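Trainee: Could we go through this structure together? I would like to learn how to read its features one at a time.

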Amino acid sequence: MRVGFITTKAVAVVLVLVVVAQTVESAIGVNWGTISNHRLAPSTVVDLLRDNKIQKVKLFDADPDCLRALMGTGIEVMMGVSNDLLATLSSSTAAADLWVSQNVSTYMVRGGANINCNCSVCRPTDLTDYNWDLAESEFVEGGD
């Protein structure tokens with residue numbers, strides 16, 4: 001009798017794991033930097049992403065050409081905020097609103113770019129280069 005109970009429990013656990021495994025979302029994403037000596041056209045990069053079934057991309061900055069190329073592709077986009085904008089965007093709601101309006105909202109129209117609600121910021125390793133003291137604050141990658 002006890003063996004049957006254990007077998008039933010094991011089957012139930014396996015069924016739960018199968019259901020959970022089927023509902024877990026996974027995707028491969030890539031980082032897309034735009035500082036290069038031989039920069040590919042954004043449309044070429046998007047073609048490469050699609051050909052390789054890449055579903056997610058992180059842009060290190062809000063490059064308008066890259067965002068236009070991603071419009072209508074369904075590729076999920078996460079954008080970075082460049083270091084030179086961190087102080088301004090973190091200290092001014094109006095500046096942050098303007099940045100979002102120009103760099104996010106503009107591209108999130110019907111058939112537009114699939115921009116995720118994540119914001120990625122970078123904490124420089126040598127703060128003296130930026131004349132900005134981050135000792136009192138921490139920035140981390142965040143999202144919904």
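Trainee: Which residue in β2 is the bridge partner of Gly-29?

Mentor: Two strands pair if DSSP finds at least two bridges between them. Here, Gly-29 has Lys-56 as its bridge partner in β2, and Asn-31 is partnered in β2 by Lys-58. Strand β1 (residues 29–32) and strand β2 (residues 56–59) run parallel and are joined by 4 bridges. The chain gets from β1 to β2 through helix α2 (residues 42–51), in a right-handed β-α-β crossover. Right-handed means that, with the strands pointing away from the viewer, the path from the first strand over the helix to the second runs clockwise.

Trainee: What should I know about the model and its numbering?

Mentor: It is a predicted model, where local features need pLDDT of at least 70 and side-chain atom pairs count only at pLDDT 80 or more, while totals for chains, interfaces and linings use all residues. Residues are numbered from 1 along each chain as its sequence is written, and side-chain values use heavy atoms, with hydrogens and water left out.

Trainee: In which sense do β2 and β3 pair?

Mentor: β2 and β3 pair in the parallel sense, over 4 bridges. Within that pairing, Met-79 in β3 stands opposite Leu-59. With α3 included, β2 and β3 form a β-α-β unit that is right-handed. For the whole protein chain, the count is 5 helices and 4 strands, in the order α-β-α-β-α-β-α-α-β from the N terminus.

Trainee: How many residues does the largest nonpolar core have?

Mentor: The general idea is that in soluble globular proteins, nonpolar side chains tend to be buried together. A nonpolar core is a set of buried Ala, Val, Leu, Ile, Met, Phe, Trp, Tyr and Cys residues joined through side-chain atoms within 4.5 Å. Buried means under 20% relative accessible area, with exposed over 50% and partly exposed in between (1.4 Å probe, protein chains only). The largest core here has 22 residues, and Trp-32, Leu-70 and Met-79 have the most contacts inside it. The elements giving two or more residues to this core are α2, β2, α3 (64–70), β3 (76–81) and α4 (83–91).

Trainee: Which residues does Leu-70 touch?

Mentor: A contact means heavy atoms within 4.5 Å. Leaving out residues up to four places away in sequence, Leu-70 touches Trp-32, Val-46, Leu-49, Val-57, Leu-59, Ile-75, Val-77 and Ala-113.

Trainee: Is Thr-73 buried or exposed?

Mentor: Thr-73 counts as buried because its relative accessibility is 15%. Its place is in the loop between α3 and β3. For its side chain, look at polar contacts: pairs of N or O atoms within 3.5 Å, where within protein one must be able to donate a hydrogen and the other to accept it, and residues adjacent in sequence count only if both atoms are side-chain atoms. A polar atom of the Thr-73 side chain lies 2.7 Å from the backbone oxygen of Leu-70, and the side chain of Thr-73 also reaches the backbone nitrogen of Ile-75, at 3.1 Å.

Trainee: Where is Thr-34 placed?

Mentor: Thr-34 is in the loop between β1 and α2. Thr-34 is buried, with a relative accessible area of 16%. Not counting residues up to four places away in sequence, Thr-34 touches Arg-39, Asp-61, Asp-63 and Cys-66.
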